[in-house]
Amino acid sequence: MIFNNNTAQKTAELLLQINAIKLNPKNPFTWASGWQSPIYCDNRITLSFPEVRSFIYNEFATNIEQKFGRPDVIAGVATGAIGIGMLVAEKMGLPFVYVRPEPKKHGRQNQIEGYLQPGQTVVVIEDLISTGKSSLQAVDALIEAGANVKGMAAIFTYGFDVASANFNAHNVELFTLSNYPTLLEQAVKSNYISASELETVKEWSKSPDTWGK
């Protein structure tokens, strides 16, 4: 997983400012997976803040060109990355498609919505990486449709070891605008959390599936 340090710091600062990411070690959140977590991330909130979303799609566009080269198509992972993915495609002047978690049960039963030709190069946009499983399902769907996936770009990653293993197993390069260690650094700088709370949230990231049990 790769990232730009200056971009990572600014992204973390903005996500904290608009409460797209919330840290609450004393009253943990419960994820859909059942995991207890001192952090909750909802990057779709960025779409409601013009200056923040502009920063994000501009950073995506610049870094995608640098890291992966100019693709033929931008693909967003439904539903969280559809909005920001469209903005990235618009900024880069590229076609856009989005990928559902599974094919529709009716109509044309599409999993990929939009126009995609076999052999086209694609960079996938995601809002958040936890284990990477659902994100990589989208990559698999694109490959099955004949696309050449050059890599994935996401707003934020928790940096779990299981995610790194999953992306390595799929041979997919991941670029993220920010990450968990940078977020914690910014949270302490801005007095969002205390030094003692910092130790708690660091411990969580080492074993998120068993933390709090």
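**Note on the predicted model**

1. Ser-178 is found in strand β10; helices (H or I, at least four residues) and strands (E, at least two) are DSSP runs, numbered from the N terminus. This is a predicted model, in which local features need pLDDT of at least 70 and side-chain atom pairs count only at pLDDT 80 or more, while totals for chains, interfaces and linings use all residues. Residues are numbered from 1 along each chain as its sequence is written, and side-chain values use heavy atoms, with hydrogens and water left out.

2. Ser-178 counts as buried because its relative accessibility is 0%; buried means under 20% relative accessible area, exposed over 50%, and partly exposed in between (1.4 Å probe, protein chains only). Leaving aside residues up to four places away in sequence, Ser-178 touches Ala-8, Thr-11, Ala-12, Ile-155, Phe-156 and Thr-157, where contact means heavy atoms within 4.5 Å.

3. On overall architecture, the protein has 7 helices and 10 strands. Its radius of gyration is 17 Å, close to the 17 Å that the globule rule gives for 213 residues, so the protein is as compact as a globular protein of that length. The radius is taken over C-alpha atoms, and the rule is 2.2 Å times the number of residues to the power 0.38. Along the principal axes, the C-alpha atoms fill a box of roughly 55 × 35 × 30 Å.

4. Of the 213 residues, 47% count as buried. Among contacts between residues at least 6 apart in sequence, 64% join residues at least 24 apart. The protein exposes about 10,400 Å², and carbon and sulfur atoms supply 47% of that area; accessible areas come from the Shrake-Rupley method with a 1.4 Å probe, and for residues only the protein chains shown count as cover.

5. Helix α6 (residues 180-189) has Tyr-180, Thr-182, Leu-183, Leu-184, Gln-186 and Ala-187 buried. These buried residues pack against α1 (5-17), β1, β4 (39-41), β9 (148-157), β10 (174-179) and α7 (195-206). An α-helix has 3.6 residues a turn, so residues three or four places apart point the same way.

6. Asn-191, in the loop between α6 and α7, has a positive phi of about 60° although it is not a glycine; at 67% relative accessibility, Asn-191 counts as exposed. Asn-171, in the loop between α5 (161-170) and β10, has a positive phi of about 55°, again without being a glycine. Asn-171 is exposed, with a relative accessible area of 72%.

7. The peptide bond from Ala-78 to Thr-79 is cis, with omega near -5°. Thr-79 lies in the loop between β5 (73-77) and α3 (82-92).

8. Pro-25 occupies the loop between β1 (21-23) and β2 (29-30) and counts as buried at 12% relative accessibility. Beyond residues up to four places away in sequence, Pro-25 touches Pro-38, Glu-197, Thr-200, Val-201 and Trp-211. Pro-25 and Phe-55, 30 residues apart in sequence, are 29 Å apart in space, C-alpha to C-alpha.

9. Asn-110 is placed in the loop between β6 (96-99) and β7 (112-113) and, at 17% relative accessibility, counts as buried. The side chain of Asn-110 makes a polar contact with the side chain of Glu-113 (3.4 Å). A polar contact is a pair of N or O atoms within 3.5 Å; within protein, one must be able to donate a hydrogen and the other to accept it, and residues adjacent in sequence count only if both atoms are side-chain atoms.
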